[in-house]
Amino acid sequence: MNLKDCYCCSGKAFDVCCKPFIEGTHQAVTAEQLMRSRYSAYVLAAIDYIICTTHPSTRNQYDAASIRAWAESSQWQKLEVLNTKKGTANDLTGKVEFKAYFKDSQNNNYVHHELSDFLKEDGNWFFVKGIVF
């Protein structure tokens, strides 16, 4: 990967893709943008961003220490967005199906395949829950 390329495999530079969301200078306009930025946050172990972009109604189901342990012990390889349903700037809900490829600390390859639900409140997109396949 070129160092300028975004971790989320969008084909855009990180500085103009996920970085503004993670740093809080911009808000995700779509559910897919939020999902991509959350993947990049896992790559960077930006746990605060992952927690604050999780909907308050489900946030207590996620443990920051466990998220950090998974993020830091994984070698994130690539993200593949398979499908989106709704989740546009004009929607209040959205679904994003994706595969996140990673290696564990023993160098074993894994694929995290998930269908994530997103909700927009007060102009902000939040991750609500995911179904892992």
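Tutor: Let us start with burial: buried means under 20% relative accessible area, exposed over 50%, and partly exposed in between (1.4 Å probe, protein chains only). This is a predicted model, where local features need pLDDT of at least 70, side-chain atom pairs count only at pLDDT 80 or more, and totals for chains, interfaces and linings use all residues. Residues are numbered from 1 along each chain as its sequence is written, and side-chain values use heavy atoms, with hydrogens and water left out.

Student: How is a pair of aromatic rings described?

Tutor: By the distance of the centres and the angle of the planes. Rings of Phe, Tyr and Trp (its six-membered ring) pair if their centres lie within 6.5 Å; planes under 30 degrees apart count as stacked, over 60 as edge-to-face and the rest as tilted. The whole structure has ten aromatic pairs.

Student: Why is the pair of Tyr 39 and Trp 76 edge-to-face?

Tutor: Because their planes stand at 85 degrees, with the ring centres 5.9 Å apart. Tyr 39 is buried at 5% relative accessible area, and Trp 76 is buried at 13%.

Student: Is Tyr 42 buried or exposed, and what about Trp 70?

Tutor: Tyr 42 is buried, at 15% relative accessible area, whereas Trp 70 is partly exposed at 30%. Their rings are edge-to-face too, since the centres are 5.5 Å apart and the planes at 70 degrees.

Student: Which residues form one aromatic cluster?

Tutor: Tyr 39, Tyr 42, Trp 70, Trp 76, Phe 102 and Tyr 110.
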